[in-house]
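The entries below follow the order in which I checked them.

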Amino acid sequence: MSIRMLFIVFLSFLVVACGGSGSSLDSTREEITIASYQSPCYGESQRLCLVRLEFGDEELFYEEIEDFNHVWGHTYELSVLVTKLDEPAEDGSDVSYSLDEVLSRVEDEIATEYAYEEVELLESTFTVDNDIYYFLGQPFECATDVDCDGLVDMNNSGGLVNVTFEYLGAGEIALIAWD
């Protein structure tokens, strides 16, 4: 192999090793459990965050997990790659998460309830578009005896509301009560 070819191969390895995306090669593998539901959280705006289960405790998981699509009603055991970022976004985390492997996925029983207390009614907490209701972007059905339009009308009032959803299966939920 010529010296020129060796030099090109060396430069290729150097370019790959240095990256250039603002992240370092300092990655670790971590196993995490993600709950079957999401919960309201606040960052730049109110949104739904994943819920991490750890040692019997629940904690909001504000980060996105690249290549992971959470389906409501499913608890996940995940292997994720946690990468330390050399140049994190302003007001952002200094680590990124990407899915390595779904180790297990367990579906909740039909009629499992998800209760939320004191949900703040901000700009997009409860909305409706083309007859589809949304809770912070998560579509839901409206139970027949529930006034979902009344709840949507209260949206952006700054008030607090308690809501209960029920699992219908296949990742779908229904609002069964609010007060």
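**Disulfides**

I began with the cysteines: counting bonded cysteines along the protein chain, the disulfides pair up as 1-2, 3-4. I note here that the model is a predicted one. My search of the whole structure turned up two disulfides.

I took the link of Cys 41 and Cys 49 and found their sulfur atoms 1.9 Å apart.

I then turned to Cys 142 and Cys 148, which form a disulfide with sulfur atoms 2.1 Å apart. The link of Cys 142 and Cys 148 is right-handed, with 105 degrees about the S-S bond. Cys 142 comes out at 26% relative accessibility, so I wrote it down as partly exposed; the cut-off for buried is under 20%.

**Whole chain**

I counted two helices and 12 strands in the protein chain. Read from the N terminus on, the order of elements is α-β-β-β-β-β-β-β-β-β-β-α-β-β.

I looked up burial next: the protein chain has 179 residues, and 35% of them count as buried. The chain exposes about 11,200 Å², of which carbon and sulfur atoms supply 49%. For contacts, I took pairs of residues at least 6 apart in sequence; 61% of these contacts join residues at least 24 apart.

**Ser 98**

I found Ser 98 in strand 6, which covers residues 95-107. Its relative accessible area is 17%, so I list Ser 98 as buried. Which residues does Ser 98 contact, leaving aside its neighbours within four places in sequence? I noted Ile 65, Glu 66, Ser 79, Val 80 and Leu 81.

**Second largest pocket**

Rolling a probe the size of a water molecule over the atoms shows where empty space is left. I looked at the second largest pocket, which has a volume of about 180 Å³. I found 13 residues lining this pocket, and the closest to its centre are Gln 38, Leu 50, Glu 64, Phe 68 and His 70. Which strand gives the most to the lining? Strand 2 (residues 46-54) does, with four residues. Sorted by class, the lining of the second largest pocket consists of seven nonpolar, three polar and three charged residues.

**Positive phi**

Most residues other than glycine have a negative phi. I therefore noted the exceptions I came across, given that most residues other than glycine do not have a positive phi.

Glu 118 is not a glycine, yet its phi is positive at about 55 degrees. I placed Glu 118 in strand 7, residues 113-120. Glu 118 is exposed because its relative accessible area is 56%, and the cut-off for exposed is over 50%.

Leu 136 is not a glycine either, and I read a positive phi of about 50 degrees for it. I located Leu 136 in the loop between strand 9 (132-135) and strand 10 (138-142). Is Leu 136 buried or exposed? With a relative accessible area of 13%, Leu 136 is buried.

How values were computed. Residues are numbered from 1 along each chain as its sequence is written. This is a predicted model: local features need pLDDT of at least 70, side-chain atom pairs count only at pLDDT 80 or more; totals for chains, interfaces and linings use all residues. Side-chain values use heavy atoms; hydrogens and water are left out. Buried means under 20% relative accessible area, exposed over 50%, partly exposed in between (1.4 Å probe, protein chains only). Contact means heavy atoms within 4.5 Å. Accessible areas come from the Shrake-Rupley method with a 1.4 Å probe; for residues, only the protein chains shown count as cover. On a 1 Å grid over the protein atoms alone, a cavity is a set of points where a 1.4 Å probe fits but cannot get out, and a pocket is an open set with protein on both sides within 12 Å along at least five of seven lines; lining residues have an atom within 4 Å of a point. Grid points are joined across faces, edges and corners, and a volume is the space filled by probe spheres set on the points. Ala, Val, Leu, Ile, Met, Phe, Trp, Tyr, Cys and Pro count as nonpolar, Asp, Glu, Lys and Arg as charged, and the others, Gly among them, as polar. A disulfide is a pair of cysteine sulfur atoms within 2.5 Å.
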